[in-house]
Amino acid sequence: MSVKYTPVQWNNNKWIYDAIMLAGVGLFLYIFLYAAPGILSHERPINPQVHNARAFGACAFVMMTVILCIGPLARLDERFLPLLYNRRHFGVMTVFVAITHASYIVDWYFAFSMSNKYEALLFANTSYGQLKGFPFEAFGIFALAVLIILAATSHDFWMKFLSPPVWKRIHYLIYPAYLAVVAHVSLGILQDQQNHAFTWLFAGGALTVGVLHLLAALKERARDQALSVAGADWIDVAGVDEFEDGFAKVRLLPDGDRVAVYLMDGKLSAISNACAHQNGPLGEGRVIDCLVTCPWHGFQYDVRSGRSPAPFTEMVPTYNLRLQGQTVQVDPKANPPGTPVDPIAIPQGAVT
């Protein structure tokens, strides 16, 4: 078994994404530290170390909340799909913010301990049998450890080395980590409550994550049931007049996969919507010279065959299409990856 390490490939999308993310982190910290001290219970003098720790801790929680909201938002509305791009960069940045929070805490509360400050963090409070006074630090340590593991294994190398299913299961740890953060903060508030600004902030964030996941699950369940009831051999994609040259219409299939149907030069072709590299949304790419480019990492495929241009060897499944009047239909049974399918022509004048 051999897996080659390939450095992160940067493109304009990644630069813009990361720049917006960094600007957001900077703006949050500025507001927390300087612009809204009264709202966030800083009206009484507090140590700058604690002030900074709260700012970075709150920022890490908000970043985790945003990360967990991106997935269901994209499932509810495809316009949010661009936010999925490079979401792993978001996660890595969250780890650095969380580590900064932990560093401030350790350096202030445990630096003058008789023992090593990290040992003191683990053993200074062992009152696990009571709610008020519970050592909430344990939840924070668990969450931080999980975030570090997820960040360390976020590179494509680890996905290939571990296999996508194993890698995905490991990264589901983000959910228990988020719950641990909620517990960490909730128990901390119980012990050091000044006003309810923090309470509303964290409760609102956690509630938003839960509601969005529930809505996304209900939407997909209803859509899957509708497709199942239809039970047709062919699935309607869209009317021919709804296509735009060079772009795709994406439809969910009964088996849960998505197909991207492209119009190019008056002809239609269909391939899987999932890039073979990292399941990027091929349906959001534009077709140029019969090649669609994955917006995530730039992998290309010929939409007539599902094959990457030589010397690359990636392949995705293709699908058969037909016209029923003015409606484009797709056969939900995918062809093996890389199977050429002749494009079908649409009537002249059907596309605006």
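Me: What makes the set containing Tyr-262, Ile-271 and Leu-282 a nonpolar core?

Reply: In this predicted model, the largest nonpolar core has 56 residues, and Tyr-262, Ile-271 and Leu-282 touch the most other members. A nonpolar core requires buried residues of the listed nonpolar types, joined through side-chain atoms within 4.5 Å. Tyr, Ile and Leu are among those types, so membership implies that Tyr-262, Ile-271 and Leu-282 are each under 20% relative accessible area.

Me: Which elements supply at least two residues of this core?

Reply: The elements are α1 (12-35), α2 (48-76), α3, α5, α8 (174-191), α9 (197-230), β2 (248-252) and β3. The largest share, 13 residues, comes from α2.

Me: Why is Glu-220 called partly exposed?

Reply: Glu-220 has 22% relative accessibility. Buried would require a value under 20%, and exposed a value over 50%; Glu-220 therefore falls in between and counts as partly exposed.

Me: Where does Glu-220 lie, and which residues does Glu-220 touch, not counting residues up to four places away in sequence?

Reply: Glu-220 lies in helix α9. With that exclusion, Glu-220 touches Arg-75 and Arg-258. A contact means heavy atoms within 4.5 Å, whereas the C-alpha atoms of Glu-220 and Arg-75 are 7.9 Å apart.

Me: What makes the contact of α3 with α5 nonpolar?

Reply: On the α3 side the residues are Val-92, Val-95, Ala-98, Ile-99 and Ala-102, which meet Leu-144, Leu-147, Ile-148 and Ala-151 of α5. Val, Ala, Ile and Leu all count as nonpolar, so the residues of this contact divide into 9 nonpolar, no polar and no charged.

Me: How is the packing of helix α3 and helix α5 described?

Reply: Two packed helices are described by the angle between their axes and the distance between the axes. For α3 (residues 87-109) and α5 (residues 137-152), the angle is about 145 degrees and the axes are 9 Å apart. The crossing of α3 and α5 is left-handed.

Me: Why are Asp-265 and Asp-289 called exposed?

Reply: Exposed means over 50% relative accessible area. Asp-265 has 70% and Asp-289 has 70%, so each meets the cut-off.

Me: Which residues does the UniProt annotation "transmembrane region" cover, and how much of residues 15-35 and of residues 95-114 is helix?

Reply: According to the unreviewed UniProt entry, the annotation covers residues 15-35, 55-74, 95-114, 134-152, 172-191 and 197-218. In the model, residues 15-35 are 100% helix and 0% strand, with end C-alpha atoms 28 Å apart. Residues 95-114 are 75% helix and 0% strand, and their end C-alpha atoms are 29 Å apart.

Terms used. Residues are numbered from 1 along each chain as its sequence is written. This is a predicted model: local features need pLDDT of at least 70, side-chain atom pairs count only at pLDDT 80 or more; totals for chains, interfaces and linings use all residues. Side-chain values use heavy atoms; hydrogens and water are left out. UniProt positions are given in the numbering used here, feature names are shortened, and annotations may be inferred rather than shown by experiment. Buried means under 20% relative accessible area, exposed over 50%, partly exposed in between (1.4 Å probe, protein chains only). Axes are lines fitted to C-alpha atoms, for helices over the stretch in contact, and angles run from 0 to 180 degrees between N-to-C directions. A crossing is left-handed if the near helix is turned anticlockwise from the far one by less than a right angle, and right-handed if clockwise.
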